[in-house]
Amino acid sequence: MEPLWKLAYLLEPAPITLILTAIAVTSGSAFRALNYGKEMERNRDLSETSITLDRSQALMIPIMSSCSLLLMFYLFSSVSQLLTAFTAIAAASSLYFCLSPYIAQVKSQFGLADPFVTRCCSKTFTRIQGLLLLLCSGIVAAWLVSGHWILNNLLGISLCIAFVSHVRLPNIKICAMLLGCLFVYDIFWVFYSERFFGANVMVSVATQQASNPVHTVANSLSLPGLQLITKKLELPVKIVFPRNLFGGVVPGGSAADYMMLGLGDMAIPAMLLALALCFDHRKSHSVNPLDLTPTKGKKYIWYAISGYAIGLVTALAAGILTRSPQPALLYLVPSTLGPIIVVSWIRNELMELWEGTSPTTNDKARLAEV
């Protein structure tokens with residue numbers, strides 16, 4: 001156990017940037033999920049429906065995640081190029097999903113003409129959308145060539161936001177089941193996997209670098225500029241920040257060291273935040289006009305965000321004091337789920353959150369109008 005004064009390292013630029021980025025991404029994912037739901041209701045677009053997890057799917061996620069983890073632990077070098085190609089396609093699609101609302105807003109604000117060019121997969125495809133797709137593909141290509149950590153973070157954040165928008169939780173009961181299973185999953189693979197597999201499986205997979213297929217192709221074709229293409233890539237399944245970010249110094253760490261946080265440690269709590277935000281939104285638009293009770297300060301989303309910040313800081317502090325990797329969900333699950341359950345129980349809203357309520361026709365109409 002390290003002395004408590006070493007917690008001052010949390011004030012270094014890298015930890016502060018990591019914490020602020022994680023909070024922004026987690027809360028931003030929840031708000032994007034809410035807005036995406038509004039867009040689907042407004043447009044009546046059934047071609048891009050999100051997936052709402054049921055009990056069996058929630059239970060299968062930790063099992064499938066464990067199988068994937070073991071597969072990458074033993075066969076990562078064999079499938080790394082295929083995994084990189086798949087990740088690149090998913091990242092480009094996710095980045096397009098994240099940027100398209102802002103492009104639509106700019107187009108609407110300035111009254112830009114955007115004629116339909118063609119139809120693809122039963123959807124219209126416009127000129128501006130084509131340019132946006134080229135931009136996203138260019139960013140992914142730049143990541144494949146340079147492997148820069150900023151581009152890695154940008155793509156990872158896009159994947160997180162897209163995942164939370166398309167995969168939803170129906171109620172706190174399913175949410176608690178999923179978080180509870182992932183709580184055990186994270187603890188086992190970080191703390192106990194070495195006893196069974198001879199190495200820390202979670203850390204080994206998280207820190208492995210994938211072979212770059214672009215470098216392989218360029219090398220086989222003897223293309224010029226081969227030295228500019230990175231041989232290995234950090235896949236955007238985590239956000240990373242150099243420990244010496246902005247000149248910060250961490251004793252015992254070299255300039256090449258990175259602080260990292262897995263996408264799952266943002267995406268899974270963000271699913272809870274999205275659920276809380278949707279509940280807040282539904283409650284705020286179904287208030288009886290005769291009810292004069294002020295609603296300010298009663299939003300569950302703020303309890304969840306505050307709990308996430310506390311849990312993340314606690315996880316980083318534990319990592320500093322123990323000098324060992326920590327399963328972030330060990331701290332994030334109680335700090336996010338706990339306050340929502342306690343506050344909803346105090347307000348006599350726990351059963352409503354626990355079982356969930358599907359929006360009525362009027363609710364959907366009101367949601368579409370917002």
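This is a predicted model: local features need pLDDT of at least 70, side-chain atom pairs count only at pLDDT 80 or more; totals for chains, interfaces and linings use all residues.
**View 1. Helix α8 against helix α9.** Here α8, spanning residues 264-284, packs on α9, spanning residues 300-322. Their axes sit 8 Å apart, at an angle of about 160 degrees. As for handedness, the crossing of α8 and α9 is right-handed.

**View 2. Side by side: the residues where α8 and α9 meet.** From α8 come Asp265, Met266, Pro269, Leu273, Ala276, Leu277, Phe279 and Asp280. On the α9 side they meet Tyr300, Ile301, Ala304, Ile305 and Tyr308. Sort this contact by class and you get eleven nonpolar residues, two charged ones and no polar ones.

**View 3. Helix α5 against helix α10.** This pair brings together α5 (residues 172-197) and α10 (residues 329-346), packed at an angle of about 160 degrees. The axes of α5 and α10 are 9 Å apart. With that angle, α5 runs roughly antiparallel to α10. The crossing of α5 and α10 is left-handed.

**View 4. A look at the residues between α5 and α10.** What does α5 bring to its meeting with α10? It brings Ile172, Ala176, Leu179, Leu182, Phe183, Asp186, Ile187 and Phe191. The tally for the contact of α5 with α10 is 14 nonpolar residues, one charged and no polar.

How values were computed. Residues are numbered from 1 along each chain as its sequence is written. Side-chain values use heavy atoms; hydrogens and water are left out. Axes are lines fitted to C-alpha atoms, for helices over the stretch in contact, and angles run from 0 to 180 degrees between N-to-C directions. Helices (H or I, at least four residues) and strands (E, at least two) are DSSP runs, numbered from the N terminus. A crossing is left-handed if the near helix is turned anticlockwise from the far one by less than a right angle, and right-handed if clockwise. Contact means heavy atoms within 4.5 Å. Ala, Val, Leu, Ile, Met, Phe, Trp, Tyr, Cys and Pro count as nonpolar, Asp, Glu, Lys and Arg as charged, and the others, Gly among them, as polar. Angles under 35 degrees count as roughly parallel, over 145 as roughly antiparallel, 65 to 115 as roughly perpendicular and the rest as oblique.
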